[in-house]
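Here is a brief report on one protein structure. It covers a helix packing, an aromatic pair and a loop residue.

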Amino acid sequence: MWLLFLTIAVTAAVVSCVRVCRAAAVPLPGDAASKAPSPREPDGPTLYETAFLAGGPDRVADVTLVSMARQRRLLLAPTGWATVVDPVGRDAVECAVLAAIGPGGQHRIPAVREGLARTPTLRSLADELVATGLTPSAAGRTGVGTAVRQVRAATLLILLAAAAALWSGPQDRDTGLLLAWFALPLILTTGTWAMARGEARPAARWATTAGEHLLRRAAARVTPAGCGQRAGARDALTALALHGPRTLADPALRAALHSSGA
């Protein structure tokens, strides 16, 4: 009986690790030509592109909300609510944010993020970045993550199979030898899992290598005081786009975004 459990453990380990290797071997758009000049490089990516490459649709929503709040066109409450003061958007993304807030003029910030992510404006922004090789497609973003989750599940399955083999086997069986057999697939899955996590780039979910190159260029343009109290509006928003709400000097804005799950 223990051979059946061992076969299940080995099969799960091999299949899940092969899937990780295959997913990791698929080149993302822009990785093969990460050093090639991008049409955006003379001026760098736009603020919305920077936010998307660094943090996806949620970061774009946060940058837009904070930008409008700084201009007193939105009120962001520390409890995580956004209230419209000026219902006129100045660009397509602002109009999409106002549409996500809704005709009532007030909405929870998490709902605004979710609504903005579903708008044609954000889909168009994402499609443009995919077409230029700066962000992976939706399938590319989820491929490696799904494979890693399968390795994690296989690791749990191996542990359960080993426990079942111990429980079902005769009492006089050599437990050490039995566990040694199950240790082989366990080492394979845990090693693959550790390497996959170690090799993953922090921005890999939203930016290809070419996209990360543009993010570094954008970060280099932010002044040393870009995150401080005296930061210019543009530098402060760029820092927010790159690094998230923790860069905000205004505690009320930080509380509004963090209390809503940022």
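## Helix 2 against helix 3

In this predicted model, helix 2 and helix 3 (residues 92-101) pack at an angle of about 70°. Their axes are 10 Å apart. Angles of 65 to 115 degrees count as roughly perpendicular, so helix 2 is roughly perpendicular to helix 3. The crossing of the two helices is right-handed.

Helix 2 brings Y48, V60, T64, L65, S67 and M68 to the contact. Helix 3 supplies V93, E94, V97 and L98. By class, the contact has seven nonpolar residues, two polar and one charged.

## The aromatic pair

How many aromatic pairs does a search of the whole structure find? The search finds one. F52 and W206 form the pair, with an edge-to-face arrangement. The centre-to-centre distance is 5.5 Å, and the angle between the planes is 75°.

The pair links distant parts of the chain. F52 belongs to helix 2 (residues 47-70). W206 sits in the loop between helix 7 (175-199) and helix 8 (209-220). The two residues are 154 residues apart. Both F52 and W206 are buried.

## P245 in its loop

P245 lies in the loop between helix 9 (233-243) and helix 10 (251-258). Is P245 buried or exposed? Its relative accessibility is 8%. Buried means under 20%, so P245 counts as buried.

P245 and H258 are 13 residues apart along the chain. Their C-alpha atoms are separated by 7.3 Å.

Definitions and conventions:
Residues are numbered from 1 along each chain as its sequence is written. This is a predicted model: local features need pLDDT of at least 70, side-chain atom pairs count only at pLDDT 80 or more; totals for chains, interfaces and linings use all residues. Side-chain values use heavy atoms; hydrogens and water are left out. Rings of Phe, Tyr and Trp (its six-membered ring) pair if their centres lie within 6.5 Å; planes under 30 degrees apart count as stacked, over 60 as edge-to-face and the rest as tilted. Helices (H or I, at least four residues) and strands (E, at least two) are DSSP runs, numbered from the N terminus. Buried means under 20% relative accessible area, exposed over 50%, partly exposed in between (1.4 Å probe, protein chains only). Axes are lines fitted to C-alpha atoms, for helices over the stretch in contact, and angles run from 0 to 180 degrees between N-to-C directions. Angles under 35 degrees count as roughly parallel, over 145 as roughly antiparallel, 65 to 115 as roughly perpendicular and the rest as oblique. A crossing is left-handed if the near helix is turned anticlockwise from the far one by less than a right angle, and right-handed if clockwise. Contact means heavy atoms within 4.5 Å. Ala, Val, Leu, Ile, Met, Phe, Trp, Tyr, Cys and Pro count as nonpolar, Asp, Glu, Lys and Arg as charged, and the others, Gly among them, as polar.
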